[in-house]
Protein chains: 2
Amino acid sequence: MTKKAPVRTPRITIREVASDAGVSVAAVSKVLRDAYGVSDALRAKVQASMDKLNYRPLASARGLRGRTYTLGLVFPDLRNPFFADIFAGVNSALERTRYQAMQGVSVSASSLVEAMIDRQMDGLVLIGPNETNERLNDIADRTPLVTIGHHDLTDARFDTVNNDDQLGGRLAVRHLCQNGHKKIAMLSLAAPVSTVINQRELGYRLEMTEQGLGSAINIVRAPQVLREVQLILRRLLEGKDRPDAIFCWTDLMAFEAISVATELGLSIPEDIAIVGYDNTIFCEFSQNRLTSIDQSGEVLGLQATRLLIERIDGRSHSEHFVVTPRVVARTSSAKVS
Amino acid sequence: MTKKAPVRTPRITIREVASDAGVSVAAVSKVLRDAYGVSDALRAKVQASMDKLNYRPLASARGLRGRTYTLGLVFPDLRNPFFADIFAGVNSALERTRYQAMQGVSVSASSLVEAMIDRQMDGLVLIGPNETNERLNDIADRTPLVTIGHHDLTDARFDTVNNDDQLGGRLAVRHLCQNGHKKIAMLSLAAPVSTVINQRELGYRLEMTEQGLGSAINIVRAPQVLREVQLILRRLLEGKDRPDAIFCWTDLMAFEAISVATELGLSIPEDIAIVGYDNTIFCEFSQNRLTSIDQSGEVLGLQATRLLIERIDGRSHSEHFVVTPRVVARTSSAKVS
DNA sequence: TGTTCTACGTGTAGCGTTCTACATTTTTGC
DNA sequence: GCAAAAATGTAGAACGCTACACGTAGAACA
């Protein structure tokens, strides 16, 4: 079945570098890892040979003994441009290091995480994981781990980097109140439940209550499926008691909301104000002009990477980094007189 | 500097499985690779032990002798949701295989490709690579290679999967003509030049000529930077000889175009029609209602993966797969009386 | 009955690194 | 000057697998 593969140009190995430079293999390895006990002369010789032969160490072989210098990122989905921001942050943290990031995408992190561990990633960043702490701890026992967007810190044996999603929820409500809206609904996610969503809902609830709008609290939940979201939005907007503002748990949903509202002939923000979350690039377009909560994806990615490398380098106590969100106000929630 | 890492739960190795099952290491390896010469009884025993011990082969170790069962995907950028479609295709092709896809993102594929080869990817899929054929052939000599979105087939020692971008360009123009537009401009990409863009421009040119609109050919080129795109669009739309339609090389640019046009008080499609490329999910939203050329990212990803696995399995002649694009008409280019 | 096949298992030499010991040379301290 | 300490380099055993080369036993054939 499996035919013989065509001949490929073979790789330069550490042995060839050693013999070219006239030193031992161990010496080359030392230079590679810049380990202790290498004279300038030797280093120079070896470097010259490496450059000349265009040598590159093979990660698999390194992995068998030490590190692969590869970090694994696990995204829940690729459609949301917000993740590109996180990725940018990761990359800028990696700039002057010898590490490389490899990404995978999967809703249920589980099997992907195993695959990454099998592939000797030196550490993992899980973005918006839908996993219990028990499960995460189990992973953390096997490889350095940092999560982005996971709010359960109880007994966590891994690092976390989070946007303060509760505050984000509060800010959205506060902003809408300031602009004169009272009947503020929240469009949330039905399943899977995540600590991120929980926090945003909690923030919404608390702030509504504090603003004296406790009786107007109205959370509608929709799954990720576009069709369903539309239905639910339509029902909400055509209902007898239409809200005058919707706080959507992510920009993508907010765009949906704008879309449905527009189709129903409602004008934004006069008839209905909309606020999103993530402040993705699409918010800026004038057909959207979407007010959104910015959670600085780049900072999240950067910090997570920093923490991960620290952990790989031996830190064992957990650290938890929190980014403060802010409102980026645009037309979709402007004050109506 | 580098502290000792905390103790991690050690992995189960093939040796432990062998001893648990009471067979040789070689036997376990045979079962793993389902190689020739294994009785059902032995296979069952080994399987049982593997399940019991929860054994998973280590990719690095396999890689040192054979395959890692890992494919590398190189994306030019993560912001465009179109790439999520390609990825979905890749994943569905991988469903019942033992392969895993790992992604990387980089504008200049170069260094990322090297990193992936270092990490023993069994094969690579390059999406929209900005590389010469010489360079691509050089990569292909070292690892199985498939490109998506690269139209130069001369002497290619790799497989290619492409949308017929030239036809795509033609379809856009044809569609706009049919809906009564004549002064059709094209918004293209300034740099880097890519074979994809070239083909789309060529299609635009050819079709314009065939439609007898040769004198109206007008290609404006903008870099990826949003600010510049806005400037160029503004100049185009405020100029003395405003076009009545713009064909944009990607949906993202089309959304920009809609945005700028809206800001200038132009109505779509009455004053100006817009057509994009990629048919991303955002086209559907009623604030966009963007006509777009669909290039079936999922099919592209699926086919590329199939071809790549064939190549890994030994095929050495090149294959070239082409997907036919189609127009998905929406309001942004509707006929105006 | 011997001889040849075929099917099934095993032993073991690497794959390209890292890293612990250790040997050798140079420097330091007095 | 001389012992002790520090600096520099080397040998070689892993790491966890794969795959080649064999050994053995039963079946098929003459």
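**Figure 1. A loop residue of chain A with a positive phi.** A:N54 lies in the loop that runs between α3 and α4 of chain A, in a model that is predicted. The phi angle of A:N54 is near 60°, a positive value in a residue other than glycine. With 8 C-beta neighbours inside 10 Å, A:N54 counts as exposed, because the limit for an exposed residue is 12 or fewer. Most residues other than glycine have a negative phi, and most peptide bonds are trans.

**Figure 2. A buried residue of chain A with a positive phi.** A:Y69 sits in the loop between α4 and β1 (70-75) of chain A, and its phi is positive, at about 55°, although A:Y69 is not a glycine. Is A:Y69 buried or exposed? A:Y69 has 20 other C-beta atoms within 10 Å and is therefore buried, since 20 or more such atoms is the limit for that class.

Figure 3. The secondary structure of chain A consists of 12 helices and 12 strands. The radius of gyration of chain A is 25 Å, well over the 20 Å that the globule rule gives for 337 residues, so the chain is more spread out than a compact globule. Taken along the principal axes, the box filled by the C-alpha atoms of chain A is roughly 85 × 45 × 40 Å. Of the 337 residues in chain A, 49% are buried, and among contacts between residues at least 6 apart in sequence, 71% join residues at least 24 apart.

**Figure 4. The surface near DNA strand C.** DNA strand C is surrounded by 29 residues, of which the closest are A:I14, A:R65, B:A27, B:S39 and B:L64. Chain A gives two or more residues to this surface from each of α1 (14-21), α2 (25-32) and α4 (59-65), while in chain B the elements that do so are α2 (25-32), α3 (40-53) and α4 (59-65). By residue type, the surface near DNA strand C divides into 16 nonpolar, six polar and seven charged residues.

**Figure 5. The surface near DNA strand D.** Around DNA strand D there are 28 residues, and the closest of them are A:S24, A:G37, A:L64, B:I14 and B:R65. At least two residues of this surface come from each of α2, α3 (40-53) and α4 of chain A, and likewise from each of α2 and α4 of chain B. The surface near DNA strand D is made up of 16 nonpolar, six polar and six charged residues.

**Figure 6. The contact between chains A and B.** In this view, 48 residues of chain B are in contact with 48 residues of chain A. On the side of chain B that touches chain A, at least two residues each are supplied by α4, α5 (82-94), β2 (100-105), α6 (109-118) and α11 (251-263) of chain B. The residues on that side of chain B comprise 19 nonpolar, 17 polar and 12 charged. Chain B can be superposed on chain A by a rotation of 180° with 0.0 Å of shift along its axis, giving an RMSD of 0.1 Å. The two copies are thus related as by a two-fold rotation axis, and the same surface serves both of them, as 100% of the contact residues of chain B recur in chain A.

Figure 7. Strand β9 (residues 273-277) of chain A is mostly covered, five of its five residues being buried. In a regular strand the side chains alternate between the two faces of the sheet. Both faces of β9(A) are covered, with A:A273, A:V275 and A:Y277 buried on one side and A:I274 and A:G276 buried on the other. Strand β8 (residues 245-248) of chain A runs parallel to β9(A) and is joined to it by three bridges, and A:A245 stands opposite A:A273 in β9(A).

**Figure 8. Two cis peptide bonds.** The peptide bond from A:I268 to A:P269 is cis, with omega near 5°, and A:P269 is placed in the loop between α11 (251-263) and β9 of chain A. In chain B, a cis peptide bond joins B:A191 and B:P192, with omega about 0°; B:P192 belongs to the loop between β6 (184-189) and α9 (195-210) of chain B.

**Figure 9. The surroundings of B:Q303.** B:Q303 lies in helix α12 (residues 297-312) of chain B and is buried, with 23 other C-beta atoms within 10 Å. Leaving aside neighbours within four places in sequence, B:Q303 is in contact with B:V161 and B:F321.

Definitions and conventions:
Residues numbered from 1 in each chain as written. Chains lettered and ligands numbered in written order. Predicted model: local features only at pLDDT ≥ 70, side-chain atom pairs only at ≥ 80, totals over all residues. Helix = DSSP H or I, 4+ residues; strand = E, 2+ residues; numbered from the N terminus. Rg over C-alpha atoms; globule rule 2.2 N^0.38 Å. Contact = placed C-beta atoms within 7 Å. Near = placed C-beta within 6 Å. Nonpolar A, V, L, I, M, F, W, Y, C, P; charged D, E, K, R; others polar. Least-squares fit on C-alpha atoms with pLDDT ≥ 70 in both. Pairing = 2+ DSSP bridges.
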